[in-house]
Amino acid sequence: MSTTGTLTSADFTTPGRRAHTPNPSRTHMDSTPGRSAPAAQPPSTLSRVLNVVRVQYVNTYIFVWVPLMVLGGSLVISLAIYAMIGADEPMYGGGGQAPLWYFLVAGIQAMTLTFPFSQALSLTRREFFLGTMLAAALSAAGMALVYVLLGLLEQATDGYGIHGYVTYLPWVWESGWASAAVLVFALVMFFFVIGFWFATLYRQFGTVVLTTLLIGLAVLLVAAAFVITRMEAWGDVVSWVAQLGPFGAAGVIGATTVVLGIGSLLSLRRATP
Amino acid sequence: MTAVIEVEHLTKQYKGTLAVDDISFRIEENTIYGFLGRNGAGKTTTMSILTAQNFATAGSVRVFGEAPYENRRVLSRMCFVREGQKYPDDFTPAHALKAASLFFPHWDEEYAAALIEDFRLPLKTRISKLSRGQLSAVGVIIGLASRAEVTFFDEPYLGLDAVARSLFYERLMEDYAEHPRTILLSSHLIDEIADLIERVIVIDEGKLLVDRTADELRGEAVTLTGDADQVERFIGDREVLHRERLGNVAAVTLLGSLGQAEAAEAAAAGLERSPVPLQQLVVRLSRQNESRRSGAGQNGTPRSRAPRTAGAGESS
């Protein structure tokens, strides 16, 4: 069985297509009747992980079409608003964030929809995790590419001819297209891992624990905001982020994502289908 | 015989309930097992732990000599098909079978195609739209075509109609003859699988009740039918598992077997000897276990003797 290539519906339409290809393991076993199936060389972890990616991409909605639809939708809405405003100087908006947030949902779905089946396929939890993260990384790379292309288009057309910018945001592009790509990639993975981890915790502990956790997290964030406000340190925070630059921000987000990823793998190792 | 699975003192404690209670057994290579017990007896929990899908509270499980948890070498040689398996949304049977073909090293595409035809499984309908029988067929086909060295069928055939079920039993036996492997069939339709299974493991309320060959188990009891007075004469001090009487004719199921002389005597007295269906035996043993637990003999067997424990062979 090949381990590369994509799953297409064509793979499934003709179940009898291999009828004339003798199965090597079958011929072998026919020659030794009464013996049990020999222990085949266990497939390598890498090939199994890559096959998890293929399984995750059977449903192209999660990783391809829905993020593109969300981006397309927010682009149209943003442009409609820009057109109504009709300013002469460049307009920047946050509509480009929308697909990034969607990856919270993608993370939840990749976990809840596929994990029970992955166990039926006799996968280890680590294989499932690595394959799913790799699938998300492919999608994140695709999103980064789309953002860069749209950003270049926006630059070339002076914001679609109406000074409206959705993906080309000056701070993000501070260090050129590469910084935009890296930041988008990091954000997609960040949201995906959070969604994935929450779904894992939900499966393991249920609604009450997860809700408590989310409330606790919200309280922490509010407390942090409160402290920053009391210390009148928002200016420092803003200048720190500005100083960080897009690469620095991507680094911070990336490091956080790795920590979250380790946490979600540890949770997954205790999850049951 | 080589053990492919060794279970020692396996215990699983859920909040408040003891699902599996200190059970130990071995699963031999190339054997079909009946893994029997009532609903909630702990069958699914046990199989989930053997396939590392669930976790033991205590005790140890070794599969092919290794711990199965996060163990690719071991897991890739096993297939666990469960009733009510969840599949990703939007998956069709074709997707599910394709995915299975990617991960089971002994997968036989040709055989899978034949099974798809046998079970009339529509390949391009979304799994969420399948009938219960078709859904069961997806699991059954994965279990058979994966030809995993150890395959667990956790009642996936419950959704199949009678025709499809007998088809499953047939295909299983044919394929097992050609490709011997270890198969655990969990079911409470014991009569249906009685002819398939070579060894029987019965668990009840998380405890191991029976672990022996199907023939041994069948030899444990006999039913005598005939003139009531004659039948009574043969009971002796044997334990009566079941007693039926219609007018002057009685049918009594006895624990233990008849010696040669006794058998001849019984025949001379016009009594008919018949083997006891596996299902009846398992039901009796489970009930006995229950009444033993509740502390009172409520199963209507006045001659009940000491409680029987698993593996305590009683031959005469």
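In chain B of this predicted model, the C-alpha centres of domain 1 and domain 2 lie 34 Å apart. The domain assignment, which is automatic or taken from a database, gives domain 1 as 3-216 and domain 2 as 219-294 of chain B. Where they touch, domain 1 of chain B puts in 12 residues and domain 2 of chain B puts in nine; two residues are in contact if their C-beta atoms, placed from the backbone, lie within 7 Å.

A word on the ground rules. Residues are numbered from 1 along each chain as its sequence is written, while chains are lettered from A and ligands numbered from 1 in the order in which they are written. Since this is a predicted model, local features need pLDDT of at least 70 and side-chain atom pairs count only at pLDDT 80 or more, whereas totals for chains, interfaces and linings use all residues.

Back to the domain 1 side of that contact in chain B. The elements giving two or more residues to it are helix 7 (190-193), strand 8 (199-204), strand 9 (207-213) and helix 8 (214-218) of chain B. Helices here are DSSP runs of H or I with at least four residues, strands are runs of E with at least two, and both are numbered from the N terminus. Helix 8 of chain B gives the largest share, three residues. By type, this side of domain 1 of chain B splits into seven nonpolar, no polar and five charged residues. Nonpolar takes in Ala, Val, Leu, Ile, Met, Phe, Trp, Tyr, Cys and Pro, charged means Asp, Glu, Lys and Arg, and the others, Gly among them, are polar.

Now for the sheet. Six strands of chain B line up in the order 5-6-7-3-8-9 as an open sheet with mixed pairing; two strands pair if DSSP finds at least two bridges between them. At the edges sit strand 5 (78-82) and strand 9 of chain B, each pairing on one side only. From one strand to the next, the twist averages 15°. Angles run from 0 to 180 degrees between N-to-C directions, with axes fitted to C-alpha atoms, for helices over the stretch in contact.
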